[in-house]
Amino acid sequence: MFDTVLIANRGEIALRIIRTLRKLGIRSVAVYSDADAGARHAREADVALRLGGGYLDAEAILAAAAETGAQAVHPGYGFLAENAAFARRCAEAGLVFVGPPPEAIEAMGDKIRAKATVSAAGVPVVPGGAEPDDDLAAAAERVGFPALIKPSAGGGGKGMVLVRSAAELPDALESARRTAAAAFGDATLLIERFVENPRHIEIQVMADTHGNVIHLGERECSLQRRHQKIIEEAPSPLLDAATRASMGAAAVEAARSVGYVGAGTVEFIVQGATADYYFMEMNTRLQVEHPVTELVTGLDLVELQLRVATGEPLPLAQDEVRLSGHAVEARVYAEDPSRGFLPTGGRVLALREPEDVRVDSSLMIGGVVGSDYDPMLSKVIAWGPDRASALRRLDGALAATTVLGVPTNISFLRALINHPEVVAGDLDTGLVERHLDELVADEGVPADVLTTAALLLQHEHVPVAPADPWDVPDGWRLGEAAWTTWRLESRDGVAEIRVRGLPAAGAEVRPPDGDPDTSLRATLSRDGGDLLVTLGGTARRYAVAREGDTIWLGRDGDTWALTRRHLGDPADRAGAGGGADGVVRSPMPGTVLVVKTTMGEQVAEGQPLLIVEAMKMEHTVTAPIAGMVAELPVRAGQAVGMDAVLAVVRHEES
């Protein structure tokens with residue numbers, strides 16, 4: 001076994017690998033970029049080195065390995081894991097690449113070549129293909145609509161665009177090609193027939209250098225948004241034993257066809273309830289969702305990778321693989337589901353993660369979530385003896401997860417796993433999109449949350465001198481304390497809550513929209529970092545954090561950011577990225593990728609003005625009104641913050 005292994009990745013990926021290295025007594029070496037200085041993975045590794053050029057700088061990584069005496073490089077499950085040139089450079093430097101041979105990476109990394117290879121091995125494939133870029137339109141016509149444009153060198157759903165008609169094709173090709181070049185360094189595209197309402201099921205395979213190839217069952221990955229997985233489970237609620245064996249055998253043949261070694265995932269599209277399946281692609285790396293396979297098999301896949309890389313044979317045969325119980329994983333992202341899953345960011349002010357389930361996380365208090373990397377923050381994984389109990393445990397674990405300072409998708413995840421179709425196991429890749437409105441239904445900030453914030457302000461900001469009651473036109477009577485009005489703003493609007501008395505001893509509260517002639521009795525106390533609030537006889541516990549003028553409150557997986565305002569109303573915005581007043585704001589922190597307009601141009605309402613990119617995701621910002629572009633303070637390549645002004649459009653009559 002190795003003495004020292006360098007991990008060429010970051011975040012929860014690196015931390016996951018460090019955990020196994022520590023178990024095996026292997027010294028771990030982490031690398032970090034300038035944006036990750038002080039990151040948790042760098043703190044927990046035995047050795048950490050700065051990479052000036054970032055995580056994709058192969059030469060810097062090899063130099064770090066040489067400096068620290070590493071014998072092997074584990075690429076994690078990022079892009080270097082599927083980079084054949086990097087695997088070759090490791091071998092040239094005398095390092096073991098913990099992954100498949102470069103030839104296997106190349107064969108499966110090119111989706112066009114991969115389909116031809118596995119088809120020759122008898123594995124069914126999705127109808128489709130690719131031509132030189134000038135002929136992609138003709139290829140789309142042959143495949144038929146709806147069609148799916150995919151980067152040939154891609155993975156993780158990035159750059160995939162669904163096209164339902166020939167009219168949509170030119171813009172879709174432009175966007176997909178740009179994303180593919182930026183994310184993968186290869187703008188080659190392919191087009192496949194889009195299977196309506198399919199299920200996405202993948203098979204985990206392991207292969208050694210002695211010719212042994214086995215599969216470790218399947219994972220259901222049908223719950224997705226923007227072609228990226230958010231909930232995964234093992235085993236699939238769809239497959240019976242016979243179908244599982246058939247798909248597993250097909251996956252093994254796909255791996256054998258390219259001389260595969262190590263951990264890999266063969267992904268299939270499954271046609272509805274028929275369980276007819278088609279090869280989609282093979283990811284030549286460990287997957288983000290591998291923990292569910294580990295929980296149902298009892299195997300440590302990173303340990304298997306390391307042992308195979310040293311030349312050991314697999315420790316078990318196919319007939320020795322056993323699946324026990326059910327496991328479900330939820331990906332916690334820094335994103336806002338109510339705004340089209342746009343990435344968010346911020347500093348982690350408070351953090352609480354469940355202890356009775358598996359959590360793969362890189363979060364820590366004080367850590368900054370920026371726009372440099374993928375917005376996934378952590379994974380919460382629950383096991384149960386059956387699917388229903390696993391889902392219940394996951395829901396409880398998500399409710400016990402609190403991240404203050406960074407908006408997340410936790411509330412959305414809870415709504416999703418409790419949706420009747422998900423509970424019934426009736427899944428497909430279009431489920432989230434079909435039910436998005438109900439899954440992200442936003443009814444504003446609950447009255448008890450607004451009241452809790454007002455109580456906190458009252459508790460912390462009681463004036464030294466009492467207010468003059470004659471100046472308070474609030475129904476005050478002789479002998480009574482005066483009411484204090486707290487004005488609180490959130491993204492959902494402004495509310496005024498009135499408080500009389502000290503919350504610690506027992507105050508009166510008039511919540512927003514309440515009967516002015518009635519009030520509720522309230523008390524507030526602290527328990528460690530939490531607030532204990534009793535309002536109208538109902539007791540609740542909140543996590544709380546402060547950042548400047550903003551109060552963050554968390555409860556049952558939900559979080560709210562509330563700001564005290566004294567002057568004016570919040571900016572009137574018609575929707576993400578634009579306002580009814582013509583001010584166009586950035587919907588997320590990121591980089592201006594393309595500016596599609598010029599100063600003085602007459603634009604129509606809804607016309608694309610700019611493209612903002614963050615974490616390899618593009619968002620088109622459109623004109624909120626028809627008029628003339630009067631201000632355009634940004635340029636392509638410029639970094640912008642959340643709500644930064646990108647442009648101002650004025651009505652023509654202005």
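**Notebook: cavity, helix pair, strands**

By class, I find 6 nonpolar, 4 polar and 1 charged residues in the lining of the largest cavity. The model I am reading is predicted. I looked up which residues make up this lining: Pro 75, Gly 76, Ala 81, Phe 97, Val 98, Gly 99, Pro 100, Thr 284, Arg 285, Leu 286 and Gln 305. I note a volume of about 40 Å³ for the largest cavity. With the threshold at 30 Å³ or more, I count 1 cavity.

Next entry: helices H5 and H6.

I took H5 as residues 102-109 and H6 as residues 111-120. Their axes come within 5 Å and cross at roughly 100°. Angles of 65 to 115 degrees count as roughly perpendicular, and H5 and H6 are therefore roughly perpendicular to each other. I then listed the residues that meet. From H5 these are Glu 106, Ala 107, Met 108 and Gly 109, and from H6 they are Lys 111, Arg 113, Ala 114 and Val 118. I sorted the residues of this contact into 4 nonpolar, 1 polar and 3 charged.

Next entry: the open sheet.

I traced an open sheet of 4 strands and wrote down the order E32-E39-E37-E34. The pairing in this sheet is antiparallel. Which strands stand at the edges? I find E32 (583-585) and E34 (602-603) there, each with a single partner strand, so one side of each is left without a neighbour in the sheet. I checked the pairing of E34 with E37 (residues 627-631) and found 2 bridges, with the two strands running antiparallel. On the E37 side, Gly 627 is the bridge partner of Val 603.

Next entry: strand E24 and its partners.

I looked up E24 (residues 484-490) against E25 (residues 493-500) and noted 7 bridges between them. These two strands run antiparallel. They form a hairpin, and I find 2 residues between them.

What stands opposite Leu 488 in E31? My note reads Arg 564.

Note on methods: Residues numbered from 1 in each chain as written. Predicted model: local features only at pLDDT ≥ 70, side-chain atom pairs only at ≥ 80, totals over all residues. Heavy atoms only, no water. Axes fitted to C-alpha atoms, helices over the stretch in contact; angles between N-to-C directions. Parallel < 35°, antiparallel > 145°, perpendicular 65-115°, else oblique. Contact = heavy atoms within 4.5 Å. Nonpolar A, V, L, I, M, F, W, Y, C, P; charged D, E, K, R; others polar. Pairing = 2+ DSSP bridges. 1 Å grid on protein atoms, 1.4 Å probe; cavity = no way out; pocket = protein on both sides within 12 Å on 5 of 7 lines; lining within 4 Å. Points joined across faces, edges and corners; volume = space filled by probe spheres on them.
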